[in-house]
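Hi,

Here is the structure I promised to pass on.

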Amino acid sequence: MVGVSEGQAPAQSRAPVGRPLLSLTLAALMDEVHAHSGAVYLLSPDQPVLEMAVMAGLPRAFAAPWERVGLSAPIPVSDAVRERRLVWVGGEEEMARHYPRIAMVLPYPFSLAALPVATAAKVHGAVFVTWPGSHPPELSDREREHLTAACDRLAVRLERAAEHSLPLAPEPDLLAAPVVGGAAGTLGTVEAARMVSRLPYGLCSLDLHGRIAFANAAASELLGVPSQRLVGAQMWAAVPWLNDPVYEDRYRAALFSQHVTSFVALRPPDEWLSFRLYPSTTGLSVRISRARPVREMNRATPRPGTAPERLVTITQVLSLAGALTETVGVQDVVQLVADEIAPAVGSQALVVLGSRAGRLRVLGHRGYADPLVVERFDGMPLSRATPGGQVLRSGVPAFFETRGELERLYPALQTHPSEFSAWAYLPLIASGRPVGTCVLSYAAPHHFTTEERAVLTSLAGLIAQALERAMLYDVKHRLAHGLQEALLPHTLPSLPGIEAAARYLPATRGMEIGGDFYDLVPTQGMAAAVIGDVQGHNVTAAGLMGQVRTAVRAYTAVGQAPDEVMRSTNRLLLDLGSELFASCLYLRLDPVRRRAVMSRAGHPPPLLRRPDGRVRVLDLAGGPLLGIDGAAVYPSTEVVLEPGSLLVLYTDGLVESPGTDLEDALADLCRRLTDLGDLPPDALADALVRHGPRTTDRLDDTAVLLLRSVPVV
């Protein structure tokens, strides 16, 4: 190889780098670690997107869904860049566990390593390499050292090129070069052809792109296609009845895994053929023979002459469909389109529009330097002439390849022009009705081919399904939270001799609504406090919780003792005929006498922090859960509250989580109270719920009520 050494100055300060830097680095790296494919990504200078610069070992079509990926995308190269570390995926199962969307598109046995290409000062891109499924499940120290050193060297060279304003020239992908003349020590070309022609079964040689480089006479006869039409064509394109993505997938599986694969196919009208694929890093050898009759197939047989979707479209749809199934709310959908769909189709910005009460609503946007350019459409009547409203009303997509095209049809847009020059307005239609419009914006004029328009329209259908589901979720979420807020006290009353604070956290699963409740009720010279948990995390549980809280207030108002309040509430639940149960802890506070009388129904025990910092678990006598036994009794216990004592009432969400021992969790809570118990009640309540188990992924809702005894003024 001839090129400028690292110590020499380039002949022209702004000439491109004088040798294929990325290709040579990738080829050397793959050779050092014996990888069978790989790619180099470069970080876009003006947006958080990784763009594939060169790929080696396999056709780029294999990685088509990930040619342009956002840094926030859940894929190994993005993780490697964000976290500045080597990401290792040791096989098919690990890929499915950590990166399920990649595993869905490439369900083959292979291992992958992804690394950032970065110096201490700057990230330049990323590299990934793959190995066949035969690679050990762990990366060896030697491989790790080679990979890290090669990426570090590449980062230094890219940084030097950037410092000297040396652009990187486009580089071709690296695939195995065709063998010329034959291998040493083997039969010559003529004799090899004679030998193959005498075999009773068909033989074909395919390159990495699936193109047929050689086919013997038996293969031509079995396939029913003249050999001159086979050579140079992809098998699934040259043979009509093999034009099915399922057969193409077997070719991909063989190349990716480097394992022998096979399939059977029906040659119309009734002849079954067996195909066995033998892969290497230079291509595939295919053996074709007659198969025994197959009575049933699990999938429909393709009709001759049909043309299914091509590989790239299928992998893109699979990847993006998998991503869209993970979205929950409307903003999740907007963010996913911005992170993955827009970069994949070359768009630099997007807007998602909806409608309500005959007016446009901007549901979200990304990529606009001036948000007002987009937000001025929010609330605009649908009847006004705008491309977003027109597409939403008609359900027909609109493509504008230049600014002039857009402004000729919608001259009013000239008064507030955006920085973009081409647009795709895609109707989002779900369940037969329009739910919104997705606007993809391009920084430069853009020609939308027929194929691209078809792909964008198909992607819009996937976005629409996710958006409809997300909009429904958001509505239910708002209703559920409104109900929850209405059923819990907005503030706690100020009471003499008592400092109080409370917190409620919903579960993060389902509708984020539950049956936990608390209340603090002033009475004549005293106060009553209650905390409880109705079974379930839904509207029914929340509704029953409201009834229980109201009942407790009513029984308190008529002067019932704690044990009587519990018995009355228990009978109420049974009379209501609810199938749900409830736990509850009720107490009557006397700030003057500094006493608390408590009664418990299947609820976690309260904690008492004494003024000296010691914490005690009050293991009170109690009865069963409310709503089970009409004859149940709920004994009372009196506790002394010295000045400065703190009572901690809580629901099980504060201490229970999968895999955690309850006694260990209680002991940990007691230690936190010892350390933090002198904080003001509000600050302490925040600290307790903030450090509770699984604060970001709560399976249960949590309520905390703190009561501190202070001198009566």
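Leu273 has Arg290 as its bridge partner in β11. Strand β11 (residues 283-290) pairs with β10 in the antiparallel sense, over eight bridges, where pairing of two strands needs at least two bridges found by DSSP. A two-residue hairpin makes the link from β10 to β11. By the way, this is a predicted model, so local features need pLDDT of at least 70 and side-chain atom pairs count only at pLDDT 80 or more, while totals for chains, interfaces and linings use all residues. Residues are numbered from 1 along each chain as its sequence is written, and side-chain values use heavy atoms, with hydrogens and water left out.

On its other pairing, β10 (residues 271-280) runs antiparallel to β9 (residues 261-267), and seven bridges join them. Strands here are DSSP runs of E with at least two residues, helices are runs of H or I with at least four, and both are numbered from the N terminus.

Now the aromatics. Rings of Phe, Tyr and Trp (its six-membered ring) pair if their centres lie within 6.5 Å; planes under 30 degrees apart count as stacked, over 60 as edge-to-face and the rest as tilted. The count by this rule is 14 aromatic pairs. Take Phe62 and Tyr251: the ring centres are 5.8 Å apart and the planes are at 65°, so this one is edge-to-face. Phe62 comes from the loop between β2 (49-56) and β3 (68-70), and Tyr251 from helix α10 (residues 245-257), so the pair ties together parts 189 residues apart in sequence.

Phe62 has a relative accessible area of 2% and Tyr251 has 4%. Tyr251 also pairs with Trp236, with centres 4.8 Å apart and planes at 40°, so that pair is tilted. Trp236 sits in helix α9 (residues 235-238), 15 residues from Tyr251, and is buried too. Ring pairs link Phe62, Tyr108, Phe110, Trp236, Tyr251 and Phe256 into a cluster.

Lastly, charges over rings (NZ of Lys or CZ of Arg within 6 Å of the ring centre and within 35 degrees of the ring normal). Arg252 has its charged end over the ring of Phe62, 5.9 Å from the centre. Arg287 lies over the face of Tyr201, 3.9 Å from the ring centre.

Cheers

Technical notes. Buried < 20%, exposed > 50% of the residue type's maximum accessible area, 1.4 Å probe, protein only.
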